[in-house]
Amino acid sequence: MARRLSPLDIAFLQMETPEAPSHVGGLQIFEIPAGYQGSFVADLKARLEAIPAGAPFNLKLNPKGLPFALPTWIPDNNFDIDFHLRHSALPQPGRMDELMKLVSRLHGRLLDRTRPLWEMYLIEGLEGNKFGIYTKIHHALVDGVGGMRLMDHSLSRTADDPGMRALWSVEEIEKRAKLKLSMTDGAIKTAKSLMGPLRSLPQAFKALTMPGKTEAALAFKTSKTVFNGHITASRRFAVHTLPLAEAKEIGTVLGHTVNDMFLAMCATALRRYLAEKGQTPTLPLTATVPVSIQMQGATQQGNQITYIAVNLCTDVNDPLERMSAIGRSAAAAKRDMAALTRNAVQTLAVVAQGAAAFINHFHLSDYVKPPANLVLSNVPGPRETLYLMGAKVIGSYPMSILMDGQALNITLCSQGGRLDFGILGCRNAMPDIDLLAQYVGEAFAELKALAASKAPAKRAAPKAAKPKAPAKTPAQPATASPSVVAKKRAPRRSPAPAAVLQ
């Protein structure tokens, strides 16, 4: 039975061009268990390809349909796992930069619309007894939060878990109690799904031009930068990892959330990147920030997101004042969104995606200001350390969508005690995107230093009175006092530096 697409799913299909594929992806890095005998990646592939694919991973776009029918998903009766699950290898010595080049090339290629819209690459040969998995899925099939949920279910919580779950088997395992609809019933349901958003258009457009907005950013109110022109299909990808626990401690001292820190670090990094190119923008940069509207505990497929616009306040010099201003802008945008009905929120997302599709298809970035300079997204993941066939996940880096006029996307994934940044750009616009990853780390170090200067100094413990040494006698040689012995046995330890994978 055909499954309908939502208006937002359709928008992601319609906006796609060869230069701007509409799939999201991710790069995971695993540590192979010590002492493993044989080829781990080959063994993993053999076990994965034996698992049948369930919905939505066995669905493809219906090439037919009634006149004026909206796109639908139908089962692929000739599903071929070998087409979707692929085995690759890095040239020796298997450095991280070689892995970045490979996934950049893979991410710039369109998915085959005659097949289910996803691919997975098992990539062996990464130095340090590691391997990578790069996965891409069309945004019409799943959004970032949905993809994270699928990944969460496909991995284990312990290294000795003997079970094997594949990303594409999750929905098959879940039993759904939905009745099958006839074609007529499906058409009626699709029409009803469109009527709510259509009725909410006036409220949505009023929200876009709300006169009372002060700190919430407005679309098209920003300066054009080096990453706001035409894009090509060539990509550059860079990653950076920070410790989540330390970020939370810094946020507590400075009075900000981790999300505020994420936006502020990106703003600081962008500000420096543009300044070093002599392109400091006149107006502050604006970011489009996706927000999940998935109900708690819901398992609905497709896209359940909307968007807010956040002022990155790159015209503010002081880093703490900048972060506070960014936090106020994000909070104001969320308040504006909370005042809308759910239908209006969904309509806003469709309108925003439709505008992006229009600019994308007609290459209008030379003629109009960008609605926003870039996309910044924070996708929460599981807090536990995850494993796949005993291999430990040590990095999980998101890769998202670029479009004409927005040649940069920074997505954060918080998982397993890490903050993993995935920084994707158009090669023509940002050939040196690795510098931006470096500046994110330096922005974190700046906030860390500011937090250290504001943290209350620890009060020193009062010194114990020094005991008088007993009188020396020939039968009783002098000995060192207990405090001196303790100092010799327990030298002062300096804190270990935070590890950064780059």
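Of the 502 residues of this protein, 49% count as buried, meaning under 20% relative accessible area with a 1.4 Å probe and protein chains only. The model is predicted, so local features need pLDDT of at least 70 and side-chain atom pairs count only at pLDDT 80 or more, while totals for chains, interfaces and linings use all residues. Residues are numbered from 1 along each chain as its sequence is written, and side-chain values use heavy atoms, without hydrogens and water.

The protein has 14 helices and 15 strands; these are DSSP runs numbered from the N terminus, with at least four residues (H or I) for a helix and at least two (E) for a strand.

Let's look at strand 6 (residues 118-126). Because 7 of its 9 residues are buried, strand 6 is largely enclosed by the rest of the structure.

| Partner of strand 6 | Direction | Bridges |
|---|---|---|
| Strand 5 (residues 85-89) | parallel | 5 bridges |
| Strand 7 (residues 130-138) | antiparallel | 7 bridges |

On the strand 7 side, M120 is bridged to T135. Strands 6 and 7 form a hairpin with 3 residues between them, and G128 in that turn has a positive phi of about 85°.

Helix 1 (residues 7-14) is also mostly covered, with 6 of its 8 residues buried. Those buried residues are L8, D9, I10, A11, F12 and L13.

Note on methods: Buried < 20%, exposed > 50% of the residue type's maximum accessible area, 1.4 Å probe, protein only. Pairing = 2+ DSSP bridges.
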